[in-house]
Amino acid sequence: MMKEGYLMPRARISTFAQTDQPVAPSGVKPAPDCTLVIFGAHGDLTKRLLIPALYDLKVSGLLPDGFRIIGVDNAEDTTEGWRDRLTAMMENFTKDPSAEFYTPKIDETVWNWLSARLTYARADFTDPGALRDLGSGINGNAVFYLAVPARFFAPAVEALGKAGLTEEPENHFRRVVIEKPFGTDLQSAKDLNSHLLSVLKEEQIFRVDHFLGKETVQNILAMRFGNVIFEPIWHRDYIDNIQITAAETVTVESRAAFYEATGALRDMVPNHLFQLLAMVAMEPPASFAPEKVRTSKQTLFESILPVKPEDVVRGQYVAGTVKDMPVAAYRDSPGVASDSDTETYVAMKLEVQNWRWAGVPFYIRTGKAMSNRLAEIVIEFRVPPLTLFPSADAHSPPPNRVILNVQPVQGVTICFGAKKPGPEMRLVDVQSRFRYPDFFVREPNVGYETLLYDCLCGDATLFQRADNIETAWAVVEPALESWKAGHSAPEPYAAGSAGPRAADELLARDGRAWHPIDGQV
Ligand code: BG6
């Protein structure tokens with residue numbers, strides 16, 4: 001149904017293809033009618049991820065006719081101008097198969113439908129008066145997406161509250177979505193949560209961690225709790241250690257203003273890496289209901305001991321070569337102080353003190369300008385109680401590993417010993433691989449589709465609760481405090497390497513080694 005006043009986009013271009021209106025797959029309900037208000041309409045997140053994700057949701061038939069989007073920003077613009085630029089942007093996406101969002105053709109029916117529902121409003125989203133005017137056109141359900149820098153979270157929510165827009169009309173919802181960073185340490189996270197909770201109820205707040213939008217991350221729960229072959233051995237009796245890696249080849253690029261004050265630990269650890277940790281280590285929830293899942297994560301986070309500063313390694317990349325391209329040192333990047341001690345790499349050992357995991361170290365690491373882009377969780381098992389079979393080479397056979405391949409390879413790899421063909425009984429390490437493209441048709445997906453759909457439907461399973469965030473900060477707080485006290489300067493590592501030597505020593509101390517980030521999976 002086209003509402004009166006909706007403009008059809010003017011552009012009709014060759015990369016658009018026309019089809020019928022899509023319908024939702026059977027058994028899946030479209031989201032309820034809703035106005036999505038995006039603060040930060042001109043920002044990168046809106047353009048690169050939110051609009052493409054909404055397009056994908058419509059392609060899947062999951063947006064209702066009573067859906068509309070109001071883009072809000074400070075700059076002068078018109079609805080037509082905003083639509084035209086987004087139309088051009090969507091067309092551009094068809095030209096770059098390596099982009100986050102790529103599809104060879106934009107479905108014209110779908111894009112017209114979505115574009116006709118876009119309206120632009122110029123407003124200061126920290127001004128209650130401006131928001132009151134904006135709100136006069138919003139009835140019923142509304143989601144306010146704060147696609148804006150973190151310093152605006154509290155003032156924007158306060159203004160929404162003062163404008164009366166967070167009050168839920170009978171039988172309707174009002175929700176607010178915020179992205180990380182949720183604070184920069186334990187105290188600021190607590191302050192932010194208490195600000196938000198002075199205006200909103202917890203169930204109105206949807207804190208996005210985009211790692212939870214990744215299929216391979218959601219699959220960890222499916223794998224563990226939807227099968228019987230993994231869970232019985234998923235504990236200290238069989239598992240020796242768990243390694244979580246998020247290695248990136250990208251550098252600080254043009255993000256120095258953000259990254260200098262943030263660093264690898266704050267950027268990745270208490271959020272993305274802790275979410276991976278939760279998926280792999282939490283107890284089975286009583287059900288898949290949002291609060292049960294989030295409570296299970298919380299119980300796990302509360303069992304992690306505060307990290308010991310001596311179990312944390314910081315690194316900073318110096319000049320090197322990443323994938324055959326020369327890379328300047330972090331300190332020589334535009335906007336970075338020449339004596340910066342911001343870490344671009346961090347590794348740590350965490351201890352989970354519960355019956356399942358006591359004594360099983362969790363090693364986690366993340367870094368920029370590394371030799372390979374790779375996110376994975378390696379579950380390394382204990383060695384068999386006795387060695388019946390010699391190895392095919394001089395080394396003892398490696399332990400069994402289950403590797404959860406998050407990205408760019410998506411799947412699960414199981415490594416185990418098999419008999420090498422020949423007259424002798426000798427073992428070699430072999431791999432059994434499940435890969436997503438071997439089983440599923442690849443649909444365009446930027447990772448925000450499920451998150452947006454779930455938020456519209458009120459399903460908070462994949463979003464973080466206030467206590468989850470605070471507890472994660474509490475675990476890493478000792479490292480932040482010790483760095484603040486000047487106890488550790490980052491150790492240099494060459495761009496294009498696997499990180500600083502001290503990270504290898506962290507595991508060597510325990511008689512272990514990292515799973516190689518360049519090796520075959
Ligand atoms: C973001 C960080 O949250 O996650 C970035 O701010 C990082 O520094 C990014 O590069 C990694 O996410 P993905 O999905 O690209 O692996």
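Predicted model: local features only at pLDDT ≥ 70, side-chain atom pairs only at ≥ 80, totals over all residues.
How many salt bridges are counted between domain 1 and domain 2? The count is one, where a salt bridge is a side-chain nitrogen of Lys or Arg within 4 Å of a carboxyl oxygen of Asp or Glu.

Residues are numbered from 1 along each chain as its sequence is written, and side-chain values use heavy atoms, with hydrogens and water left out.

Let me begin with the domains. The protein chain is assigned domain 1, residues 34–211, and domain 2, residues 214–508; such bounds come from an automatic or database domain assignment. Taken over C-alpha atoms, the centres of domain 1 and domain 2 are separated by 30 Å.

I turn now to the interface. The size of an interface is often given as the accessible area lost when the parts come together. Here, domain 1 and domain 2 bury about 3400 Å² between them, with 69% of it on carbon and sulfur atoms. Buried area is the accessible area (1.4 Å probe) that two parts lose on being put together, summed over both. On the side of domain 1, the residues that lose the most area to domain 2 are Phe206, Asp209 and Phe211, which together make up 23% of what that side buries. In terms of contact, meaning heavy atoms within 4.5 Å, 41 residues of domain 1 meet 36 residues of domain 2.

There are also 12 residue pairs in polar contact between domain 1 and domain 2, both residues being at pLDDT 80 or more. A polar contact is a pair of N or O atoms within 3.5 Å; within protein, one must be able to donate a hydrogen and the other to accept it, and residues adjacent in sequence count only if both atoms are side-chain atoms.

Which elements give two or more residues to the side of domain 1 that touches domain 2? They are helix H1 (44–59), strand S6 (142–146), strand S7 (174–179), helix H6 (186–199) and strand S8 (205–208). Helices (H or I, at least four residues) and strands (E, at least two) are DSSP runs, numbered from the N terminus. H1 provides the largest share of that side, nine residues. By class, the side of domain 1 that touches domain 2 holds 25 nonpolar, five polar and 11 charged residues. In this scheme Ala, Val, Leu, Ile, Met, Phe, Trp, Tyr, Cys and Pro count as nonpolar, Asp, Glu, Lys and Arg as charged, and the others, Gly among them, as polar.

Next, the charged pairs. Side chains of opposite charge can pair when their charged atoms come close. The side chains of Lys180 and Asp267 form a salt bridge, at 3.0 Å from N to O. Lys180 is also touched by Asn271, as are Asp209, Arg266 and Gln464, leaving aside residues up to four places away in sequence. Asn271 lies in helix H9, residues 263–281, and is buried at a relative accessible area of 6%. Buried means under 20% relative accessible area, exposed over 50%, and partly exposed in between (1.4 Å probe, protein chains only).

Across the whole structure, the search finds 22 salt bridges. One of them joins Arg48 to Asp44, with the closest N and O atoms 3.0 Å apart. These two residues are four apart in helix H1, so about one helical turn separates them. Arg48 is partly exposed at 32% relative accessibility, and Asp44 is partly exposed at 48%. In helix H10 (residues 290–303), Glu291 and Arg294 are three residues apart, again about one helical turn, and their salt bridge has its closest N and O atoms 2.9 Å apart. Glu291 is partly exposed at 37% relative accessibility, whereas Arg294 is buried at 2%. Arg224, Glu231, Glu283 and Arg356 are linked in a network of salt bridges.

In helix H5 (residues 153–162), Phe153, Ala154, Ala156, Val157, Ala159 and Leu160 are buried. The buried residues of H5 pack against strand S2 (34–39), helix H4 (128–135), S6, S7 and H6. After H5 comes Gly164, with a positive phi near 75 degrees.
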